[in-house]
Amino acid sequence: MEIVAINQISPDQVILFQWGWIVINATLVYTWAVMGLLVAGSILITRGLTQDRTLSRWQNLLEVILSNVRSEIREIAKDGGDSYFPFIGTLFLFILFSNLLTFIPGYVAPTSALSTTSALAVTVFFAVPLFGITKLGIIEYLKEYFRPNVIFFPFHVMGEFSRTLALAVRLFGNLMSHEKVIAILLAVTPLFFPIVMQALGLLIGLIQAYIFAILAMVYIASASQAHEEKEHKEKKHEPDRA
Amino acid sequence: MDSLSMVAMASIITAGLCMAIGSIGPALGQGRAVHSALSSIAQQPDERNSLTRTLFVGLAMIESIAIYCFVISMILVFANPFWTYIVKKAGG
């Protein structure tokens with residue numbers, strides 16, 4: 001049942017298939033499985049969309065998820081939240097599904113591998129300047145790095161890198177630690193207690209997906225809205241808030 | 001004592017110490033955060049949604065410090081680079 005042995009700290013080390021230099025490990029397989037599930041599910045559900053009063057229950061489910069994600073994004077990014085919606089929504093759904101499917105025996109969350117989470121964090125790392133430059137223009141965006149004064153430039157740059165590292169390690173550490181805790185509990189108290197921890201794992205997976213998406217949104221919003229906030233402040237003479 | 005058992009002993013003791021000391025700070029921080037969030041919710045129940053969201057994000061930020069310690073101790077116990085280096089050197 002347990003594919004990842006207790007002394008392997010990531011599913012990258014579980015090699016399912018090897019042919020020459022092509023190595024297929026468990027992370028790859030399950031990442032593609034989650035991606036396939038998401039794409040196939042969305043295609044199947046969106047094939048018969050209706051605007052009537054009667055909707056299919058799958059369309060209802062999808063609308064509930066998407067409208068909640070959208071309203072969360074709009075609360076953080078006060079204006080034009082819809083331009084961030086595809087990126088943040090995709091991140092959230094992918095992490096959510098790869099975390100929640102862990103109740104299937106034999107499945108290993110691809111997010112419990114450091115390679116997957118670093119890839120996700122790197123997309124956020126590149127999305128921040130991308131969204132910032134399209135919203136503010138390149139000059140205004142680069143000015144943000146020198147915002148209080150020039151001394152703060154290295155700290156801004158360090159902050160960019162350290163928060164990317166933190167995003168990756170946070171998701172990986174939570175999922176991996178949970179997997180290890182369950183594996184240890186299976187050895188100690190095999191029958192009942194691991195199930196309770198597994199149920200707790202669903203909550204942890206949901207919260208981590210939420211946090212990853214929210215933090216990505218906060219980073220992007222802080223890069224692309226700093227100037228507007230300043231104008232707002234000058235207009236209203238509000239006290240400075242960090 | 002040869003270098004092999006030296007490395008093993010150092011990594012295991014360090015892993016335990018890393019977890020033990022590293023979880024003190026985040027535990028205190030999370031306690032403070034939950035305490036103030038609960039008293040704010042008790043004062044203003046209408047703001048519960050935004051308070052809860054901020055609380056969860058903040059808790060995740062605090063918790064990540066403990067998670068770093070956990071990752072470090074996991075690496076020390078299960079995927080120790082010095083251990084594999086010493087074993088390879090002793091074997092070959």
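Read along the sequence, chain B follows the pattern α-α-α-α, with four helices and zero strands. Helices here are DSSP runs of H or I with at least four residues, strands are runs of E with at least two, and both are numbered from the N terminus. The model is predicted, and local features need pLDDT of at least 70, side-chain atom pairs count only at pLDDT 80 or more, and totals for chains, interfaces and linings use all residues. Residues are numbered from 1 along each chain as its sequence is written, while chains are lettered from A and ligands numbered from 1 in the order in which they are written.

**Chain B as a whole**

The C-alpha atoms of chain B fill a box of roughly 70 × 20 × 10 Å along the principal axes.

Of the 92 residues of chain B, 13% count as buried. A residue is buried if 20 or more other C-beta atoms lie within 10 Å of its own, exposed if 12 or fewer do, and partly exposed in between, with C-beta atoms placed from the backbone. Contacts use C-beta atoms placed in this way too: two residues are in contact if these atoms lie within 7 Å. Among contacts in chain B between residues at least 6 apart in sequence, 86% join residues at least 24 apart.

**Helices of chain B**

Helix α2 (residues 24-43) of chain B packs with helix α3 (residues 48-78) of chain B at an angle of about 175°, and their axes are 9 Å apart. Axes are lines fitted to C-alpha atoms, for helices over the stretch in contact, and angles run from 0 to 180 degrees between N-to-C directions. The angle makes α2(B) roughly antiparallel to α3(B). Angles over 145 degrees count as roughly antiparallel, under 35 as roughly parallel, 65 to 115 as roughly perpendicular and the rest as oblique.

On the α2(B) side the contact includes B:Gly25, B:Ala33 and B:Ile41, and on the α3(B) side it includes B:Arg48, B:Leu55 and B:Ala66. By class, this contact has ten nonpolar, five polar and two charged residues. Ala, Val, Leu, Ile, Met, Phe, Trp, Tyr, Cys and Pro count as nonpolar, Asp, Glu, Lys and Arg as charged, and the others, Gly among them, as polar.

B:Ala10 lies in helix α1 (residues 3-22) of chain B. With 14 C-beta neighbours inside 10 Å, B:Ala10 counts as partly exposed. B:Ala10 and B:Leu76 are 66 residues apart along the chain, and their C-alpha atoms are separated by 9.3 Å.

**Chain A**

Chain A has eight helices and two strands, in the order β-β-α-α-α-α-α-α-α-α. Its C-alpha trace spans about 65 × 55 × 40 Å along the principal axes. Of its 242 residues, 27% count as buried. Among contacts in chain A between residues at least 6 apart in sequence, 66% join residues at least 24 apart.

The axes of helix α2 (residues 57-76) of chain A and helix α3 (residues 85-100) of chain A come within 10 Å and cross at roughly 120°. The two helices are therefore oblique to each other. A:Leu66, A:Val69, A:Arg70 and A:Ile73 in α2(A) meet A:Phe85, A:Ile88, A:Gly89 and A:Phe92 in α3(A). This contact has six nonpolar, one polar and one charged residues.

Helix α7 of chain A holds A:Val196 and A:Gly201. A:Val196 counts as exposed, with 10 C-beta neighbours inside 10 Å, whereas A:Gly201 is buried, with 22 other C-beta atoms within 10 Å. Leaving aside its neighbours within four places in sequence, A:Gly201 is in contact with A:Thr102 and A:His178.

| Pair | Apart in sequence | C-alpha to C-alpha |
|---|---|---|
| A:Val196 and A:Ile182 | 14 residues | 9.6 Å |
| A:Gly201 and A:Ala168 | 33 residues | 18 Å |

**Where the chains meet**

13 residues of chain A are in contact with eleven residues of chain B. On the chain A side, α6 (153-188) and α7 (193-224) each supply at least two residues. α6(A) gives the most, with six residues. The residues of this side divide into eight nonpolar, four polar and one charged.
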